[in-house]
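Please read each point beside the coordinates.

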Amino acid sequence: MEFIELFEMQRELDSFIEKTQNINRDVFKEKGLALMIELAELANETRCFKFWSTKGPSEREVILEEFVDSIHFLLSLGNAKGLSLKEWPEVKVKEDLTNWFLRTQEAILTFIQNPAKNSYQDVWQYYGVLAFNLDFTLDDIIQAYLAKNEKNYERQRNGY
């Protein structure tokens, strides 16, 4: 499966959710806030900023699921503005995760306030850096996305 195909899968899921939940208004800002929350949940699972704690990060699968929760909203936001990427942004930069979470949060806010192609690409670049630093491959991300996508459909069918 190609990365670009995720945009269509997300478009279909969003359409299903809109019909199931009877959504007939623009929810771009809500999705933007959801993306910021998902990024914070991801950071929480990595525990990279918790200097006061000796407890290590959550299991890899938990962190990966949180990562793809963000990807769902990032794809959705792009679809809402007619933006996409053809390829996964592989950015091999090893650096402190806390700095990258802060930079990614800032990039998301910039995109929400100015949903332009360059600001959207910036967010993806930062997610590429996060994936690299979390040792996630594109295949890891796609497989986790597919699993979570099906789970999201099931949640909608069961009145989530």
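This is a predicted model: local features need pLDDT of at least 70, side-chain atom pairs count only at pLDDT 80 or more; totals for chains, interfaces and linings use all residues.

1. Leaving aside neighbours within four places in sequence, Arg60 is in contact with Asp135, Phe136 and Asp140. Arg60 is found in helix H3. It counts as partly exposed because its relative accessibility is 37%, a value that falls between the limits of 20% for buried and 50% for exposed.

2. Arg60 and Asp135 are 75 residues apart in sequence, yet their C-alpha atoms are 9.3 Å apart in space. Asp135 follows helix H5 and has a positive phi, near 60°.

3. Asp140 lies in helix H6. With neighbours within four places in sequence set aside, Asp140 is in contact with Arg60, Leu64 and Asp135. The side chain of Asp140 also reaches the backbone nitrogen of Thr137, at 2.9 Å.

4. Several residues of H5 are buried, among them Ser119, Tyr120, Val123, Trp124, Tyr126 and Tyr127. Further along H5, the buried residues include Gly128, Val129, Leu130, Ala131 and Asn133. Which helices do the buried residues of H5 pack against? They pack against helix H1 (5-21), helix H2 (28-46), helix H3 (60-80), helix H4 (97-113) and helix H6 (138-157).

5. A search of the whole structure finds 15 aromatic pairs. One of them joins Phe49 and Trp52 in an edge-to-face arrangement, with 6.0 Å centre to centre and 65° between the planes. Phe51 and Trp52 form another edge-to-face pair, at 5.0 Å centre to centre and with 85° between the planes. Both Phe51 and Trp52 are exposed; for Trp52 the relative accessibility is 54%. Phe49 counts as partly exposed because its relative accessibility is 30%.

6. Ring pairs also link Phe3, Phe7, Phe28, Phe67, Trp88, Phe111, Tyr120, Trp124, Tyr127 and Phe136 into a cluster. Tyr120, Trp124 and Tyr127 are among the buried residues of H5, and Phe136 is one of the contacts of Arg60.

7. The charged end of Lys94 sits over the ring of Phe132, 5.3 Å from its centre. Arg103 lies over the face of Trp100, at 4.3 Å from the ring centre.

8. Backbone angles deserve a separate check. Most residues other than glycine have a negative phi. Asn22 has a positive phi, near 55°, and lies in the loop between H1 and H2. Asn22 counts as exposed because its relative accessibility is 61%.

9. Is Arg47 buried or exposed? Arg47 counts as buried, since its relative accessibility is 15%, under the limit of 20%. Although not a glycine, Arg47 has a positive phi of about 60°. Its place is in the loop between H2 and H3.

Notes
Residues are numbered from 1 along each chain as its sequence is written. Side-chain values use heavy atoms; hydrogens and water are left out. Buried means under 20% relative accessible area, exposed over 50%, partly exposed in between (1.4 Å probe, protein chains only). Helices (H or I, at least four residues) and strands (E, at least two) are DSSP runs, numbered from the N terminus. Contact means heavy atoms within 4.5 Å. Rings of Phe, Tyr and Trp (its six-membered ring) pair if their centres lie within 6.5 Å; planes under 30 degrees apart count as stacked, over 60 as edge-to-face and the rest as tilted. A charge sits over a ring if NZ of Lys or CZ of Arg is within 6 Å of the ring centre and within 35 degrees of the ring normal. A polar contact is a pair of N or O atoms within 3.5 Å; within protein, one must be able to donate a hydrogen and the other to accept it, and residues adjacent in sequence count only if both atoms are side-chain atoms.
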